[in-house]
Amino acid sequence: MFLSRLARCGLSGVLRGPARPLGSLGGCRRPQLSLAKPPPGPASVQTCGQQTMRTDPLPVTATSCRVSAVEARHEERLVEVVWEDGYRSLYPYTWLRDNCQCPDCTLQSAQARSLLLSQLDVYTGVHTAQVTDNNQVSIVWPDQHVSHFEQRWLRKRCFSPASRQAMQEELFVNERIYWGSELHFPTADFQEVLTDDKAALAWLLALRRVGMVYLRGAPSEEGQLVRLSERIGFLRMTFYGPTWRVQDKPMAVNVAYTSGDLSLHTDYPALHYTPGVQLLHCIEQAQQGGESMVVDGFHAAEVLRREDPQAFGTLSSLRADFTDVGRDYCDFMVQAKQCIIDVDCEGRVARINLNNATRDSVLDLPLQQVQEFYRALKAYSDIMNRPKNVVSYRMEPGDIVTFDNGRLLHGRKSYTSSGQRRRLLEGAYLDWDEVMSRLRILRKAVGGEC
Ligand SMILES: [Zn+2]
């Protein structure tokens, strides 16, 4: 469903590296896609083993459905709206009064409620409810205040589980495509993302659903991530500055600033409010080594949940301590407590917090839980590092990877520094609130399905 939508937006894919455009994004629910811009060669697309978070197709949110009848059910204090397609929606009296769209109750210029809670009778009745000539639902309240509700507005806010789910998907794009080593990174052209709304929207949708998008064709000089961030809104500032240079540095303040191996990690779990999206721009690559790898941490967590539920329970309930101390943009002494696997109130994996370098020697656990914590951590790490779960690639100058830092774990192989050719990546962060804001605006601007 959404995969074909991505395809129509013109995203292409690569297999383990930016140099081989294949033109398809591997997914679980559609084995193969055709793209708006067909690739030069046959696409060898594979499906992945893990499903998206949702299994049932959602009903399409009605946008043009007309109201055929309205009834006020006083005993339940619900207004029933019958739509021309036969669908029935129920709206609580209190909710309707609270959301009156009239100029007295809503500040139109801000699309914000001006009605105060002190003015709201949460036990209000309804005097009359009817359909108007222009197909709005009109309600007269006992104090003779009148509310008009536009049909499309009302239908989208239907309280049925399916409608609520559809609305949440529209607002938050919660659906995820899980993947392993077979992933073909969705790719987009850097310049197109900067200048074309459809391309930018496709980038952000894939970033949300797949967790990683490769951008190609950026100039190999610093400053490109600032340009990219301005396409969204603004960069996320941290103690490493608005942008940071990943290179081999003397007296490194971070293990990333060496030429050694970097094990799979998420960035900055030492902050309670971890950066949502990471951007890495390759300006110069090492002559030897320096390959990158990524793992879908959500996929690995689901494998852990299946294979070792006790370990999953341990990592999603016990909090580890993280620390980061030093001086970069300014001096810092950061501490945070995080579950390695964050789950939401419905038990779904919501965020991964794992960085072995900044995991603190302070471990605030009861003595008898320490061994189980290490066992669980090792079990999760072993799953992540299985070859079938790791995607390896090598960045070249001008490449930018953009990925979900709360979901993907990334690492790199050691490399050899040489005087003439020093590996240099520029990095930066965005937060999901800003990214999702841009995604919604772009979707509105582009219109239609995309
Ligand atoms: Zn009103």
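Visitor: Which strands form the open sheet, and in what order?
Guide: This is a predicted model. In it, 3 strands make an open sheet, ordered β7-β8-β9, with antiparallel pairing.

Visitor: Which strands stand at the edges?
Guide: β7 (128-131) and β9 (146-149) do. Each has a single partner strand, so one side of each is left without a neighbour in the sheet.

Visitor: And how are neighbouring strands turned against each other?
Guide: By 15° on average, direction ignored.

Visitor: How many bridges join β8 to β9?
Guide: There are 4. β8 covers residues 137-140, and the two strands run antiparallel.

Visitor: What is the bridge partner of Val 140 in β9?
Guide: Val 140 is bridged to Val 146.

Visitor: New topic, α11. What does it reach from its first C-alpha to its last?
Guide: α11 spans 20 Å, close to the 21 Å expected at 1.5 Å a residue. The helix has 15 residues, 432-446.

Visitor: Which of its residues are buried?
Guide: Val 435, Leu 439 and Leu 442 are the buried residues of α11.

Visitor: Why do those sit on the same side?
Guide: Because they cover an arc of only 70° around the axis of α11.

Visitor: What covers them?
Guide: The cover includes two helices, α6 (197-209) and α7 (224-232). Strands β14 (277-284) and β23 (424-430) are also part of it.

Visitor: Which residues are exposed on the other side?
Guide: Asp 433, Lys 444 and Ala 445 are exposed there.

Visitor: What follows α11?
Guide: Gly 447 does. Its phi is positive, near 75°.

Notes:
Residues numbered from 1 in each chain as written. Predicted model: local features only at pLDDT ≥ 70, side-chain atom pairs only at ≥ 80, totals over all residues. Expected span 1.5 Å × (residues − 1). Buried ≥ 20, exposed ≤ 12 C-beta atoms within 10 Å, placed from the backbone. Arc of directions from axis to C-beta. Contact = placed C-beta atoms within 7 Å. Pairing = 2+ DSSP bridges. Axes fitted to C-alpha atoms, helices over the stretch in contact; angles between N-to-C directions.
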